[in-house]
Amino acid sequence: MQVQLFDPAQLEPGVGSKRRFFVGVMVLLVTIPAIVLMADLHLRTGYDGWKLAHLVIFAVLFTLLVFGAMQAVVGYMLRVQGGDTIRISQSVDWAEDRGPLEARTAVVMPICNEEAGRVMEGVRLIYESLEADGRLPGFDFFILSDSNDPNCWVAEEVAWAGLVKELGAAGRLFYRKRRGNVNKKAGNIADFCRRWGSQYRYMVVLDADSIMTGGAIVALARMMERNPGVGLIQAVPRLVNGETIFARLQQFASRLYGPVFTAGTNYWQLSEANYWGHNAIIRLAPFIKHCSLPELPGDGPFGGRIMSHDYVEAALMRRAGWQVWLAASIEGSFEECPANLIDFAKRDRRWLQGNLQHLRLVFGPGFHPLSRMHFAMGILSYLASPLWLAFLVLSTAIAWRFKATGLTPLPVDSFAELVTWRFETQAVLLLSLTLGLLFVPKIFALLDLRSRPEEVAAFGGWLRLIAGIFIETILFTLLAPVLMLFHSTFIVLTLCRRSVGWKTQRRGRDGQSDWRESTALHGTHTLIGIGWLALAWWINPMLAAWMSPILAGFILSITVSYFTGRIAPGLVLKRAGLLTCPEESRPPNELVRLEERLAERHRQDARMPGPDAGLVNSVADPYVNAVHLSQLRAKDNPAPANEARFAELRRKLLRQGPAALAPRDKLALMMDAESMTELHRELWASSTADVAPVWQQALTRYSRAEEKTFPGSAGELAMGM
Amino acid sequence: MEVMKAQPLLAAAAPDAHWGVATERVEHYLRAHRLRGDDRVARLAKDIIEVARARQRPGAEPVAAAMETAEACLMAWLGSLIPADDHDLRPLLAKGRVALALGGVPDRWPEYFLRHHRPPEELVRVMRETGLSCGPRVKLTHMSPSPENFAPAGRRLPWLAISQGPLPRVMTGLLLTLTVIGAAWSAGL
């Protein structure tokens, strides 16, 4: 059968405008009546400034809600008709276009203090998957480290060397550690581009927890080859490997509702889509030419380096005339998600500041209107929280004032003269409409599944699927108000110039919640909830009932946050087949292999690393020392003052142990090739009595006659055995 | 068999007990290179110690002398397998050790480790071709930001943020509080 291919170069500008106009009209058709109903309710009880503010905020929030729901509706309609004909994956004849890829592609993974074992296992899977597809020769791999924790740094080096050895990947799998992590992830990628970017046509950007199958990467490269006017294609990553309830909630929801949402998103974004920072392929020449990020003038929350670089890079690429597409239907793109609410909020704090910074770019010169919209939507996604909070506060204040007056609703007719509902009927109708819109994506996602019984089975069957939606709805109802408080606090902190530190996301078992952290961070939320409930009850028990789902979220925040962030309850639901995703019930081979290998690694790495295990091993172990030295450059003309300083630091390190040195001094030594060579030599040539106990222990670990190999059991060396 | 020697011999002078400690250290060092087999390790250590004792300088610690000899032997052996720049042998040591580790040399060819025997071609090939690098040859590319990627209006945005310092913060706090009270008052709350 002849496939009707889509050529993005022939995409007429009017198509996008028509689609966006259509979505806009749909949104307005639902939003305007709702705003009229709300305005009418206020009219019946008398207008004032509070109610005007209430109405304005309602209009903003309701529009956002309708916009989300409409994307699901449009996405469903498209999928029912067999999918949108205007999508980037439709530009390739997958049955015919199976020849070799001519272009060279770099697969880059920027990392910063991540768990080395997990990073390397992810790289291994992608490498092996490409090898199995016979496509490996066109691809090189770069692990781009910005780690500044010596333990992580050395663990990465050892794990990389081990992987190169196991895969025979020398000359194809590279590891680069930057001396200073200027401009964080964006700077890390830019550094790669400056050094090696000109040698590759494309770059596939991964996150530390990304997994992409060889098939997915080849598909992205093939779409780029087919469409020379496309600068960036974003694949949609599916969330996987969640063990806690919180993580499994996210992956269940994104897996179930994601397909209709992304189909709807592609409908109006078309060639002006966005970049999410990873699981995407980028054409390097235009990226290097146009997407270097400016340092924003000034400091504080709106100045300095651009934190959320991805949106800006997509906007710059589009501004330069290159198309940016969302590849909604590419299979084999995965990522992991935070395991608990607190880690999720910490990540949001970073993203929030980055998105608020985009305020400076919304009106930047030359950007495509849709790029401006992406910036604005990114900002609104976080500003919606304080707006929602303000809406609730205003609702309470209005109810309080109403009680204080002792009046009843005015006996006036609705200004929507065609309807003559009672006050209560209209209020219930408005509430039902709002709740209904929240359920629209769920309903359309379920309708979408009707035609795919095998996928329903992979979700655990209709019964478990609906039970999962029930659980997800209840828990997200409880979690969302807490996130609202978090976001509102973060915005205030950001405006108060309390900057955000770059925290590595905790994953797997390390990411489990604990009571102390949950109590400390949610204690205030609980108190707010109790106080608000008392106030609402005093004003009007009906108000308390109306606000009860939100107030329950506040009051139960410690418990809900703790239990949804623990692995054990998550596994109970998993065993019961609840919140199950197809990737969990019928996992692709890559995910199965990853799980098996990580389990093996965890079994071997049961011991906790010593506080200075990385430094100790990079000095004591001849091979770890050599691998470390292979990454350092010897200085041609070292300054005598520096030499003397390093000599003193080395002496102190060996005599008194790593604990005697400040962290920056340890890092300085580890970055100095001369010092690392000398330390290794001096340690082995020293009498046991002349070195600190930690070194004595390090030397004697080789007294055992047990047979060791390099790198040994996973992380054996880096764990400070 | 004879261990690969590095330097001319000097007179020996330390008590045997100290040399016992030195021997143990050399054994640990060899095991740290993942050399297997107690007998093989002991024999190689004994050979190294003999050389070290013979060349020990007066006053030198046996452990230091032994390790100096062990490293010199390793350097000489690696130099016989990998062509190196005569002026700086340190990179050779690092490169050679990486090749030993990645090629699994002590595991695959233990009998040749630090020995004079003519090495198999495969061993030489592995030692010469195995290595690690942070990337292909660097070809620097210019990548710098466009002059201005934000609107002039956007430059004033930092004023949205509350200024640092106690006085501006107190003033901002007071202003916000007064605004809220004023709004409540005017709304007749």
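**Strands, salt bridges and surface of a predicted model**

Strand β6(A) runs parallel to strand β9 (residues 323-327) of chain A, with five bridges between the two; two strands count as paired once DSSP finds at least two bridges between them. The model is a predicted one, so local features need pLDDT of at least 70 and side-chain atom pairs count only at pLDDT 80 or more, while totals for chains, interfaces and linings use all residues. As for bookkeeping, residues are numbered from 1 along each chain as its sequence is written, chains are lettered from A and ligands numbered from 1 in the order in which they are written, and side-chain values use heavy atoms, with hydrogens and water left out. Helices (H or I, at least four residues) and strands (E, at least two) are DSSP runs, numbered from the N terminus.

Back to β6(A). Within the pairing with β9(A), L232(A) has V324(A) as its bridge partner. As for cover, β6 (residues 230-235) of chain A has six of its six residues buried, where buried means under 20% relative accessible area, exposed means over 50%, and partly exposed is in between (1.4 Å probe, protein chains only).

Another set of strands makes an open sheet of three, in the order β5-β10-β7 (chain A), with mixed pairing. Its edges are β5 (211-212) and β7 (238-239) of chain A, each of which pairs on one side only. Two bridges tie β5(A) to strand β10 (residues 333-335) of chain A, and these two strands run antiparallel. M212(A) finds its bridge partner in S333(A) of β10(A). In general, strands of a sheet pair through backbone hydrogen bonds, either parallel or antiparallel.

Moving on to charged side chains, a search of the whole structure turns up 43 salt bridges over all chains, a salt bridge being a side-chain nitrogen of Lys or Arg within 4 Å of a carboxyl oxygen of Asp or Glu. One of them joins R597(A) and E128(A), at 3.0 Å from N to O. This pair links distant parts of the chain, with R597(A) in helix α20 (residues 589-604) of chain A and E128(A) in helix α3 (residues 116-132) of chain A, 469 residues apart. R597(A) is partly exposed, at a relative accessible area of 23%.

A further salt bridge is made by D621(A) and R34(B), whose closest N and O atoms are 3.0 Å apart. D621(A) sits in the loop between α21 (613-620) and α22 (622-629) of chain A and R34(B) in the loop between α1 (16-32) and α2 (38-55) of chain B, so the pair joins two chains. Both D621(A) and R34(B) are buried.

Chain B has a salt bridge between E71(B) and R97(B), at 4.0 Å from N to O. E71(B) belongs to helix α3 (residues 62-81) of chain B and R97(B) to helix α4 (residues 90-103) of chain B; the two are 26 residues apart. E71(B) and R97(B) are both buried. In chain A, salt bridges also link up into a network made of R79(A), R238(A), R255(A), E331(A), D448(A), R452(A), E455(A) and E583(A).

Helix α12 (residues 423-449) of chain A gives the most to the patch, five residues. L431(A) lies in this helix, α12 of chain A, and counts as partly exposed at 38% relative accessibility.

L270(A) has a positive phi of about 45°; it is found in the loop between α7 (245-269) and β8 of chain A and is buried, with a relative accessible area of 1%. L579(A) has a positive phi of about 60°, is found in the loop between α18 (567-575) and α19 (582-585) of chain A, and is buried at 0% relative accessibility.

Overall, chain A has 26 helices and ten strands, and 58% of its 721 residues count as buried. Its accessible surface comes to about 29,200 Å², with 61% belonging to carbon and sulfur atoms (Shrake-Rupley method, 1.4 Å probe; for residues, only the protein chains shown count as cover).
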